[in-house]
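Reader: I have a structure open and would like to go through parts of it. Can we take the strands step by step?
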Amino acid sequence: MNKMSLGALLALFFVAACSDQTTVYKDQLQDDVSIEENEAKLEGSISFDDAGVLDIFDEQALSGKSSKADEQAGDYPLTLVAQISGPSYSGAENLGATHIDIDGDYAYVSYNTVEDGYAGGIDIINVSDPNNPRLTGRLYYTNADINSIAYDNGFVYAAGGFDSEKSTRSDSNSFIAKIAVSSGRFNLGAGIEYGFQEGFNATDVKISGDKVLVTSGGDGFLTAYDKSSLETLDDVPFQDLRSVAIQDDKIAVLDASSGIKILNSDFGITKEISITSDFGNFSKRTIDYAKDMIVVSEGSKGAGIYDANSGNLMEYLPILINPEGVAEQDVVTNAVASNEGIILMANGGAGLCLSEEQGNNPDLVGIIELTGSINYVASKGDYIFAASGKKGVQVIKLNRPSTSLVQECASSPIYSGSSNLNVNTGQDLAYRGSKRFNSINNNGELLLCGSWTVRNDININDNALFEMNGTLVVGRNNRRRNITVNSGATLRIEGNLIIYGDLVLNEGATIEFLGNTSSANIFGSVKRGANTTVTGTFNDVRNKF
């Protein structure tokens, strides 16, 4: 197993930088950084036990004022794809995820220890196949916390802290590391480059053009490094930086001692937004741009929404629930993220909250049905990655319908109605959209175009027709539900069918797959009665047919 030591590394090879606060070191592999080479261990870190349809509990449901029987079909048909348990090794059995960066088909996850001392790690998760995410790379840091991570053009940039007293070169605890990766694998043979800056711990890292921006807390700095060499280009001191966000040529930083500072590309302060919230000592807190708003995780207050132009407080998104048995200090907004019209809040023991961007007034949707304390959230494209203590990293798919699919079904109305969809005998219904249902019971003809999840069973009764163009997900792996196709009935699929349960084809039933790219991902069994028919070309993901 290849290893290198951050402490030993500092005494070996020095590259001068243009600041007294920052030095850059590079050398071949030594001690205390290692790569997990056991493929079975990587594969064993992926769990599908709780995979499947995720409900979203709104304020009425949480207060007990609504029931499944009378609720409307909900937006955001989310599914839990898988859970990835974090790295663990001797002396670091309690690592927690601290940050996630998503780029293309890969997610990069950083970890640190909640115990005294320093220990951390980095994971690379391949989500190119939404049915089968894979952990392709895992790196252990036995002498450093990794608090934030960013990927750019073949390199992972990891920010963290280590014990500078064990170093013969650096008196600073905060560092940035540049690590080569390729196709989801770490390449330690290229060496690791380091830069150092003042501050108790490096807290966040972002890529901006040809620069790497790093914040450090506790009398630290916002520092700009050259992306290729890690030489310092500029720095400016702050009292207690926790996070940095970038929009065009604007840089926003969260200083826990005072609030938000907005800087230009030369690090000149152009606006200050005072925030009096208690951000806690050494707590993870983040900011993110959402169009013309800045969203700030403000601990027990929830998420603060600020006008990025005027600096005015627009509103607070509160923490919806206060679960029994969860300590008050664990019910806090640790991190926020935005993604094409949604705002996500990682509320610790109160779960993961989703809101819609509605102009200047975000609208609360509800709490996503996840287990564990949610400490960090990142979202990009069709995925949400939520970091939770005991459950590791949870991979969630938004199941957004494709533009081409919506165009194909443009003549059908958008669905708006009950979460229990019933089609009577003789009815011929067609809808497009993206909804989550409680159940579907079809006695007539039904066409659904888009992305749909169904919490419970789908029944396609005698001689009925159910056509689906897009994505359909049924049940959950720890609460399995079925699709039952009865005598003379037909299930016609053009797209992706995922069943956390069984596909039951009773006597005389038919399932047809259209096109050349359809798939069936069935976690239970395919149960076939007499004279059943399966036609078409499709990918049988788990070989159940």
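Predicted model: local features only at pLDDT ≥ 70, side-chain atom pairs only at ≥ 80, totals over all residues.

Reader: Which residue in strand 35 is the bridge partner of valine 377?
Author: Alanine 386 is the bridge partner of valine 377.

Reader: How many residues lie between strand 34 and strand 35?
Author: There are 2 residues between them, and the two strands form a hairpin. Glycine 381 sits in the turn and has a positive phi of about 60°.

Reader: Which residues point which way?
Author: Tyr383, Phe385 and Ala387 point one way from strand 35, while Ile384, Ala386 and Ser388 point the other way. Both sets are buried.

Reader: Which residues touch the most other members of the largest nonpolar core?
Author: That core has 54 residues, and the ones touching the most other members are Leu78, Ile100, Leu352, Ile368, Leu370 and Phe385. Strand 35 gives the most to this core, with 5 residues.

Reader: What about a second core?
Author: There is a second, separate core of 34 residues, and Phe437, Leu446, Val454 and Val474 are among them.

Reader: Back to leucine 370. What is it in contact with?
Author: Leaving aside neighbours within four places in sequence, leucine 370 is in contact with Leu54, Leu80, Leu352, Ala386, Gln394 and Ile396.

Reader: New topic. What is the strand order in the open sheet of 4 strands?
Author: The order is 22-23-24-25, with antiparallel pairing. Strand 22 (241-247) and strand 25 (269-274) are the edge strands, and each pairs on one side only. Neighbouring strands of this sheet are turned by 20° against each other on average, direction ignored.

Reader: How many bridges join strand 22 to strand 23?
Author: 6 bridges join them, and the two run antiparallel; strand 23 covers residues 250-255. One example is isoleucine 246, whose bridge partner in strand 23 is isoleucine 251.

How values were computed. Residues numbered from 1 in each chain as written. Heavy atoms only, no water. Buried < 20%, exposed > 50% of the residue type's maximum accessible area, 1.4 Å probe, protein only. Pairing = 2+ DSSP bridges. Core = buried A, V, L, I, M, F, W, Y, C linked by side-chain atoms within 4.5 Å. Contact = heavy atoms within 4.5 Å. Axes fitted to C-alpha atoms, helices over the stretch in contact; angles between N-to-C directions.
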